[in-house]
Amino acid sequence: MAAKHVLSVQSHVVHGYVGNKSAVFPLQLLGFEVDAVNSVQFCCHTGYPKFGGQVLDGDALWSLVEGLDANGLAAGYSHLLTGYIGSATFLRSVIRLLRLLRERCGPDLVYVCDPVLGDHGKLYVPEDLVDIYRAEVVPLATVLTPNQFECELLTGVAVNSEADAVRACAALHARGVPLVCLTSLDYAGGDRIAMLLSERLDDARSEQYVLELPRLRGRYTGTGDLTAALLLAWLKAHPRPERERNSQLQRLLSRPLSTRFG
């Protein structure tokens, strides 16, 4: 299995930086070889009043996978990274892809799953994807990076405090996920936002790390995609990469700001 070779399956937009346009270049800068599959091709991200383009289905993904495999290229990956997916058939083909990669590359292939479903109470994807993620995708992930809304959808736990966030992570660990990073938690309130990383130590124990960040003024897109990519990279380099990953994300958004490790 290659040491630093990522297959990144995410969205593509003509205008803006989300999905693969947020993830591929940072990973390359950090020394990773990245092969990109675009799950959709849109003119812009779905937060715009109008967007158009194409949504790939499962057969379209599998055609690409079969070509990679026929040429012996499916055996060369260390990581699978997935983000925005626009159809149920495509998501189920991602599950087939993961199983194939673990056959070809070995069971140590790392699957970093950003379950892009929505944010702030609004779904970005067809509703039937929620059940597929919950029942079929989550148990296969090595690392899961939901935001608060996505975590609540996947676990049924309302997250209003740090204790709630830890309980939600425990539910995801019980489904088989070794490492969970909740990428945006609003319970801190005011001008702060929290991130929480939970690592399963064994069947009975887990360990959590909380990072409080200044809430930056403005509206940003693609930050979750960037966060998942940087987390993938720093997990490869360091066992507990939160400080380094956060430092890079903050520099990309604004001048450096002070943070607090809790």
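Tutor: Buried means under 20% relative accessible area. Keep that cut-off in mind for this predicted model.

Student: Why is cysteine 181 called buried?

Tutor: Cysteine 181 has a relative accessible area of 0%, and the cut-off is under 20%, so cysteine 181 counts as buried.

Student: What makes cysteine 113 buried?

Tutor: The relative accessible area of cysteine 113 is 0%. That value is under 20%, therefore cysteine 113 is buried.

Student: Why is glutamate 127 called exposed?

Tutor: Exposed means over 50%. Glutamate 127 has 62% relative accessibility, so it counts as exposed. Glutamate 127 sits in the loop between β7 (122-123) and α4 (128-137).

Student: How many disulfides does a search of the whole structure find?

Tutor: The search finds zero. For cysteine 113, the nearest cysteine sulfur belongs to cysteine 151 and is 13 Å away. A disulfide needs two cysteine sulfur atoms within 2.5 Å, so cysteine 113 is in no disulfide. For cysteine 181, the nearest cysteine sulfur is that of cysteine 169, 8.6 Å away. The limit is again 2.5 Å, so cysteine 181 is in no disulfide either.

Student: Cysteine 169 is in α6. How do you know that the span of helix α6 agrees with what it should be?

Tutor: Helix α6 (residues 162-174) has 13 residues, which at 1.5 Å a residue should span 18 Å. Its end C-alpha atoms are 18 Å apart, so the two agree.

Student: Which residues of α6 are buried, and what do they pack against?

Tutor: The buried ones are Asp164, Ala165, Ala168, Cys169, Leu172 and His173. The elements they pack against include α5 (148-155) and β9 (179-185).

Key
Residues are numbered from 1 along each chain as its sequence is written. This is a predicted model: local features need pLDDT of at least 70, side-chain atom pairs count only at pLDDT 80 or more; totals for chains, interfaces and linings use all residues. Side-chain values use heavy atoms; hydrogens and water are left out. Helices (H or I, at least four residues) and strands (E, at least two) are DSSP runs, numbered from the N terminus. Buried means under 20% relative accessible area, exposed over 50%, partly exposed in between (1.4 Å probe, protein chains only). The expected span of a helix is 1.5 Å times one less than its number of residues. Contact means heavy atoms within 4.5 Å.
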